[in-house]
Amino acid sequence: MEADAVIVGGGPAGMACALRLAQLIDEHNARHPDAPLSKENIYVLEKSREIGQHCLSGALLDPRSMRELLPGFEKEAPLDAEVSREAVYYLTKNSKFKLPITPPPLRDHGNYVISLNRFVKWMGEKVEAAGITVFTGFAGSELLLEGDRVAGVRTDDKGVDKHNQPKGNFEPGYDLKAKVVILAEGTRGSLTKALVERLHLDRGRNPQVYGVGVKELWEVPAGRVAPGEVIYTLGYPLTTREYGGAWIYGSPNNIVSLGFVTGLDYPDPRLDPQRVLQQFKRHPFVAALLEGGKMIRYGAKSLPYGGWWAVPPLAGHCWMILGDSAGLLNSQRLKGIHLAIKSGMLAAETAFECMLKNDCTAAALSAYQARVDASWIKTELWKVRNFHQGFEHGFWAGLLHTGLQQVTGGRGLRARYAGQPGYKRMRPLAALPADGGADAHLIGPAKGDGKLTFDKLTDLYHSGTRHEEDQPSHLIIHDTNLCSQRCVVEFGSPCQNFCPANVYEMVDDSAAPNGKRISLNPSNCVHCKTCDIMDPYQVITWVPPEGGGGPNYDGM
Ligand code: SF4
């Protein structure tokens, strides 16, 4: 199939891109009815069965970019509540200390508590109403490359069994030959990753670093957290060696979104981010908010923390990269949706010009990079360019660097703070106390009491995750010998811990080295990408499963 533009990923960035492109084409066609442009050959590929189903975030929306995209959007968008109150607490094991003033980056008055997946669903309706086709249940499985030119995208094959053999319902993927391919796959996009590797787009950049947010949605007794109330916490249950923090947001009807973001650069391979969230809920302050309530949804997603120095080149020969796929997230404000939307709009403006001139060369598409550089995306990210790296030596050093960066416009002690990939900070078991030491409460699987805390499988059940069982594994371990021969001894098989969905299991096998063999349950996968990011040997590759499979987020 021939396409003018293919947008891979129907999240906020991809939908904003599609909508802005439709707006520009409509405006052009109104001005030039004699030379109209068509929207017919612009496609959005979305791997979930329904638009928005795989989208998960806290979420707080800074409305800046939406006001540019759709002035007055507040009147019709699904917004849960305007932020009316915020507080930041530092937690110790049994106490809490409220910061006397909320640090400016965490002031959220004027922002909105939203459910990202409902918001994106609404954006998707706008995109379809504007005449752009969204192919749901179709993943971009491969880039069609011709040298450094991205000539299109191949979608996933349907109806392939777990032995890679065609089933009765086999349908090969489509080759969408596109003038421009726009990658909006979210964090650690599989096509983006392949492109970055192929074209060495990370050369001269800081390595991207990530966190994983594990989230539960709760229904609580009335009066606990007001709609629009925002609480952030630092400290417990993490120690000063780990990076991360929690959010608690109030929505109408006594719904509370709470979650914990754990930096994927922690030292102890036994740490389990899902357990971190369970431990957080045990804190007396949090437990009191949830007492008598009910957990109704669960999910997890990774997010890019690396900041401006880790952003790859954003455009090249017939391709552009948007939003979380490009690492456009402000980790100090814990916000990226507004940046994703803005990047989608700027990419759309560039794609529109290219359609007009019939020129999608690297030179033409470099206008996208120039637009981002001249926009408030760069202004916002430039101020926090060294933020996350400042925490590489622990929490207190990080606070000191943050203070210095605050008074030097983001510079701090050096013009550019270096960084290292998070998985490289994982330490072998031999270098750690056998009982976990200060991290003892964070290691190993959470057991759960079934009321306040939950084991992983119970949580997972609330994500609605479903995949076709008889299909090839979409988690590719390039060398499973490493798992049995080295990883089990050196790191204690951390995939069992960092995966928030119980996909990885080391099972007993007397024939295997060290008596253990890796076994996978890919149908549990919530597509968070943590394994692709945090595996200490970097031998796991996440690829999209057959389109339609994955979590079924609702209200997340
Ligand atoms: Fe996340 Fe990987 Fe586990 Fe899937 S298998 S839920 S991508 S860590």
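Tutor: In this predicted model, ring pairs join Tyr43, Phe135, Phe138 and Tyr174 into a cluster. The count of aromatic pairs comes to 18. One of them is formed by Tyr243 and Tyr305, whose ring centres are 5.1 Å apart and whose planes stand at 80°; the angle is over 60 degrees, so the pair is edge-to-face. Tyr243 belongs to the loop between β15 (229-235) and β16 (244-251), and Tyr305 to the loop between β18 (294-304) and β19 (315-316), so this pair ties together parts that are 62 residues apart in sequence. Tyr243 has a relative accessible area of 12% and is therefore buried. Tyr305 is buried too, with a relative accessible area of 2%.

Another tyrosine, Tyr266, is placed in the loop between β17 (255-263) and α5 (273-282). Its relative accessibility is 0%, so Tyr266 counts as buried. Beyond its neighbours within four places in sequence, Tyr266 is in contact with Glu242, Leu271, Arg425, Met426, Phe498 and Met534. Between Tyr266 and Gly422 the C-alpha to C-alpha distance is 7.3 Å, although 156 residues separate them in sequence.

Charged groups also meet aromatic rings. Arg385 has its charged end over the ring of Trp382, at 4.0 Å from the ring centre. For Arg414, the charged end sits over the ring of Tyr417, and the distance to the centre is 4.4 Å.

Note on methods: Residues are numbered from 1 along each chain as its sequence is written. This is a predicted model: local features need pLDDT of at least 70, side-chain atom pairs count only at pLDDT 80 or more; totals for chains, interfaces and linings use all residues. Side-chain values use heavy atoms; hydrogens and water are left out. Helices (H or I, at least four residues) and strands (E, at least two) are DSSP runs, numbered from the N terminus. Buried means under 20% relative accessible area, exposed over 50%, partly exposed in between (1.4 Å probe, protein chains only). Contact means heavy atoms within 4.5 Å. Rings of Phe, Tyr and Trp (its six-membered ring) pair if their centres lie within 6.5 Å; planes under 30 degrees apart count as stacked, over 60 as edge-to-face and the rest as tilted. A charge sits over a ring if NZ of Lys or CZ of Arg is within 6 Å of the ring centre and within 35 degrees of the ring normal.
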